[in-house]
Amino acid sequence: MLTQRYQLYIERTDATKNMARFYALSIEPTLFGTPCLTRRWGRIGSTGQMMVHHFDREEEAVSMFLGLLRAKRARGYKAKSYVRRGCLC
């Protein structure tokens with residue numbers, strides 16, 4: 001069983017290169033309680049691609065999660081902060 005859920009969404013944009021990419025990671029339990037790392041990536045606004053990794057232990061999933069995060073940060077991906085827009089009714 002997972003002690004906590006891990007979720008991350010990062011983006012890399014460069015208007016001069018017409019680049020607008022996203023990368024999303026999450027660790028969640030499967031129906032059997034084992035950890036599952038889901039990676040999604042692609043162009044912002046598209047469905048993109050997805051890859052799922054299954055692990056026996058949470059530590060293995062977290063280790064891969066952190067390794068992928070370090071690699072993407074080194075390539076220029078940054079966390080995107082969104083401003084929620086509420087209804088002024």
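Contact means heavy atoms within 4.5 Å. Axes are lines fitted to C-alpha atoms, for helices over the stretch in contact, with angles from 0 to 180 degrees between N-to-C directions. On these terms, helix α1 (residues 58-74) lies across β1, β2 (19-29), β3 (35-43) and β4, and runs at about 170° to β2. This is a predicted model, in which local features need pLDDT of at least 70 and side-chain atom pairs count only at pLDDT 80 or more, while totals for chains, interfaces and linings use all residues. Residues are numbered from 1 along each chain as its sequence is written, and side-chain values use heavy atoms, without hydrogens and water.

**Overall make-up**
- From the N terminus, the order of elements is β-β-β-β-α-β.
- Of the 89 residues, 33% are buried (under 20% relative accessible area; exposed is over 50%, partly exposed in between; 1.4 Å probe, protein chains only).

**The sheet**
- The five strands form an open antiparallel sheet in the order β4-β3-β2-β1-β5, where pairing requires at least two DSSP bridges between two strands.
- β4 (49-54) and β5 (78-79) stand at the edges with a single partner strand each, so one side of each has no neighbour in the sheet.
- Strand β1 (residues 6-14) pairs with β5 over two bridges, and E11 stands opposite K78 in β5.

**Residue T30**
- T30 lies in the loop between β2 and β3 and is partly exposed, at 21% relative accessible area.
- Leaving aside residues up to four places away in sequence, T30 touches C36 and H54.

Note on methods: Helices (H or I, at least four residues) and strands (E, at least two) are DSSP runs, numbered from the N terminus.
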